[in-house]
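Please find below a colleague's note, written for a reader who is new to protein structure. The sequence and the model should be kept in view while the points are read.

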Amino acid sequence: MPLVFEEAHAAPDKKKVNEEYFVLSNQGATAVSAAGLHVIVGRPGKRGSVMGQIDPGFVLQPGEKILILSGIPGRQAQGTPPAREGVRTYYLFQREGLLKGSGTILRFAMNQVDVARLTYDREAPNGIKTEIAERKE
């Protein structure tokens with residue numbers, strides 16, 4: 001998948017939705033449009049719930065990153081959104097956080113096919129559980 005989640009950060013307070021964010025990058029060789037992708041949240045072994053659709057979306061050029069925030073811009077009660085110099089921001093307009101603890105699976109999908117996926121791990125430095133296949137010896 002050319003779209004890869006590089007970071008996931010849950011809000012320290014469930015009312016501070018603007019402080020929950022994800023960094024998504026295009027690691028492919030061509031531009032990728034996120035328009036129309038479904039945002040799906042679930043737990044391991046469960047189907048997941050569609051939380052919304054990315055509309056109008058954004059286009060990521062090869063090597064480009066975007067900061068995706070769960071909240072609504074301008075809502076001070078939802079906390080202070082982070083900013084990264086040189087990185088665009090996109091809001092998902094959610095009323096509550098998407099990350100419900102370690103093990104939460106966040107997927108961006110088109111026609112039931114995952115385009116980007118992460119499993120949240122509160123203890124990981126970047127907030128993403130790494131899936132390393134173990135070799136049998």
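The numbered points below treat the strands, the cores and the salt bridges in turn.

1. This is a predicted model, and the remarks that follow should be read with that in mind.

2. An open sheet is built from four strands, in the order E5-E4-E9-E10, with antiparallel pairing. Its edges are strand E5 (49–53) and strand E10 (113–119), each of which pairs on one side only. From one strand to the next, the twist averages 25°.

3. Within this sheet, strand E9 (residues 105–110) and E10 run antiparallel and are joined by six bridges. The student may locate this pairing by finding Ala109, which stands opposite Asp114 in E10.

4. E2 and E7 run antiparallel and are joined by five bridges; here Ser25 has Lys65 in E7 as its bridge partner. E7 also pairs with strand E8 (residues 88–91), in the parallel sense and over four bridges. In that pairing, Ile68 has Tyr90 in E8 as its bridge partner. Strand E7 is mostly covered, since four of its five residues are buried.

5. Is Phe22 buried or exposed? Phe22, which lies in strand E2 (residues 21–26), has a relative accessible area of 0% and therefore counts as buried. Beyond residues up to four places away in sequence, Phe22 touches several others, including Phe5, Ile66, Ile68, Leu98, Leu106 and Leu118. By way of orientation, the C-alpha atoms of Phe22 and Gln61 are separated by 17 Å, and the two residues are 39 apart along the chain.

6. The largest nonpolar core has 26 residues, and those with the most contacts inside it are Phe5, Phe22, Leu24, Ile54, Phe58, Leu106 and Phe108. Two or more residues come from each of strand E1 (3–9), E2, strand E4 (38–42), E7, E9 and E10. E1 gives the most, with three residues. Leu106 illustrates the packing: leaving aside neighbours within four places in sequence, Leu106 is in contact with residues including Phe5, Phe22, Val39, Val41 and Leu118. Apart from this core lies another, of five residues, among them Val23, Leu67, Leu69 and Tyr91.

7. How many salt bridges does the structure hold? There are six salt bridges. In one of them, the side chains of Lys65 and Glu6 meet at 2.9 Å, N to O. Lys65 lies in strand E7 and Glu6 in strand E1, so this pair ties together parts that are 59 residues apart in sequence. Lys65 counts as partly exposed because its relative accessibility is 36%; Glu6 is also partly exposed, at 24%.

8. Glu7 forms a salt bridge with Arg84, and the closest N and O atoms are 2.9 Å apart. Because Glu7 lies in strand E1 and Arg84 in the loop between E7 and E8, the pair ties together parts that are 77 residues apart in sequence. Glu7 is partly exposed, with a relative accessible area of 24%, and Arg84 is partly exposed at 30%.

9. A salt bridge also joins the side chains of Asp114 and Arg117, at 3.2 Å, N to O. Together with Arg107, these residues are linked in a network of salt bridges. Arg117 is partly exposed, with a relative accessible area of 41%.

Note on methods. Residues numbered from 1 in each chain as written. Predicted model: local features only at pLDDT ≥ 70, side-chain atom pairs only at ≥ 80, totals over all residues. Heavy atoms only, no water. Pairing = 2+ DSSP bridges. Axes fitted to C-alpha atoms, helices over the stretch in contact; angles between N-to-C directions. Buried < 20%, exposed > 50% of the residue type's maximum accessible area, 1.4 Å probe, protein only. Contact = heavy atoms within 4.5 Å. Core = buried A, V, L, I, M, F, W, Y, C linked by side-chain atoms within 4.5 Å. Salt bridge = Lys/Arg side-chain N within 4 Å of Asp/Glu carboxyl O.
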